[in-house]
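Please find below a short note on the structure under review.

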Amino acid sequence: MMDHLNDMEIFARVVSAGSMSAAGRELGLSPAVMSKRLRRLEERLGTRLLQRTTRQIALTETGQGYYERVLAILSGIEEAEAFVSRRSEQAHGQLKVSAPTTFGRMHIAPHLEPFMRANPDLSINLILTDEFVDIVGEGYDLAIRIAELSDSSLVARKLAPVRRFLVASPRYIAEHGMPCSIADLDNHVCLAAHNGDPWRLNDLDGSISLRPTGPILTNSSEVVRAAVLGGLGIALRSTWDIGPELASGQLLRVLEDYAASGNIAIYAIYPSRQFLPAKVRVFIDYLAALYGPVAPWDRV
């Protein structure tokens with residue numbers, strides 16, 4: 001079928017150019033090849049399409065009718081390809097996104113309005129969950145993850161760094177005192193991360209890992225956030241989560257020489273870089289521009 005289409009294109013180009021040599025120059029084919037392809041086309045159709053002389057070519061009556069129909073076919077193909085090209089460049093359809101609950105509520109949901117206005121042919125299914133979803137198996141277009149990425153068949157684009165510090169409220173510090181060393185944490189209430197991961201902290205002397213224990217068990221990062229703001233203990237929190245509270249003094253840094261490992265970042269994860277749909281690309285580009293090299297929560 002492709003050979004048939006190519007022969008039709010050669011025929012149409014010869015007619016429009018007025019000669020095989022001119023058409024051959026346009027297509028990068030020799031006159032001998034052009035003549036052979038036209039002869040093959042006529043043999044397949046069982047009719048003569050062109051009257052050839054040394055100086056010019058002329059359409060036969062059958063060739064004229066065939067030429068008109070070939071132009072319509074080639075024009076339709078060109079229009080179809082242009083349609084696909086336009087569709088591939090425009091964001092359309094439904095975009096299914098997974099994001100962490102608190103991050104999605106704080107740093108995605110408030111910014112959807114301008115994005116949706118800029119992409120009126122796009123709808124978004126935003127699923128907020130603190131669990132790692134199976135992007136491919138569950139039909140997600142992309143996921144926002146806050147993690148230290150391991151080897152994966154998925155593609156990742158870093159959107160922003162993550163800075164995490166030990167924090168407590170002034171009320172808690174007033175009641176329990178400010179710890180002066182890591183060892184002092186044994187005498188304080190530590191609010192564990194909802195996933196039970198250890199605290200990995202770095203200082204000038206290296207890194208340490210400790211597993212905090214406390215009186216609150218929860219699967220919700222927002223509960224831990226509310227608890228530290230309420231003065232119930234010390235927590236390891238990200239600036240994207242508590243940046244404004246640190247800036248306002250609602251929370252204080254504890255053991256300021258220590259910060260969490262810098263290997264964790266905010267990523268957009270998607271299945272493949274090849275033929276990336278426009279709806280995925282424009283959303284990732286939007287978030288990357290929104291957060292920038294210095295994220296808004298670190299500018300307060």
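The points that follow move from the chain as a whole to individual residues.

1. The model is predicted, and the remarks here should be read accordingly. Its chain of 300 residues has 39% of them buried. The secondary structure amounts to 10 helices and 14 strands.

2. On the cysteines, a search of the whole structure returns zero disulfides. Cys 180 has a relative accessible area of 69% and is therefore exposed, the cut-off being over 50%. Cys 190, by contrast, is buried because its relative accessibility of 4% falls under 20%.

3. Where does Asp 141 lie? Asp 141 is placed in the loop that runs between strand 4 (122-128) and strand 5 (142-147). Its relative accessibility is 18%, so Asp 141 counts as buried under the 20% limit.

4. The surroundings of Asp 141 deserve a separate remark. Leaving aside residues up to four places away in sequence, Asp 141 touches Gln 94, Leu 95 and Lys 96, together with Ile 269, Tyr 270, Pro 271, Lys 279 and Val 280. For Lys 96, the backbone nitrogen lies 2.8 Å from a polar atom of the Asp 141 side chain.

Conventions:
Residues are numbered from 1 along each chain as its sequence is written. This is a predicted model: local features need pLDDT of at least 70, side-chain atom pairs count only at pLDDT 80 or more; totals for chains, interfaces and linings use all residues. Side-chain values use heavy atoms; hydrogens and water are left out. A disulfide is a pair of cysteine sulfur atoms within 2.5 Å. Buried means under 20% relative accessible area, exposed over 50%, partly exposed in between (1.4 Å probe, protein chains only). Helices (H or I, at least four residues) and strands (E, at least two) are DSSP runs, numbered from the N terminus. A polar contact is a pair of N or O atoms within 3.5 Å; within protein, one must be able to donate a hydrogen and the other to accept it, and residues adjacent in sequence count only if both atoms are side-chain atoms. Contact means heavy atoms within 4.5 Å.
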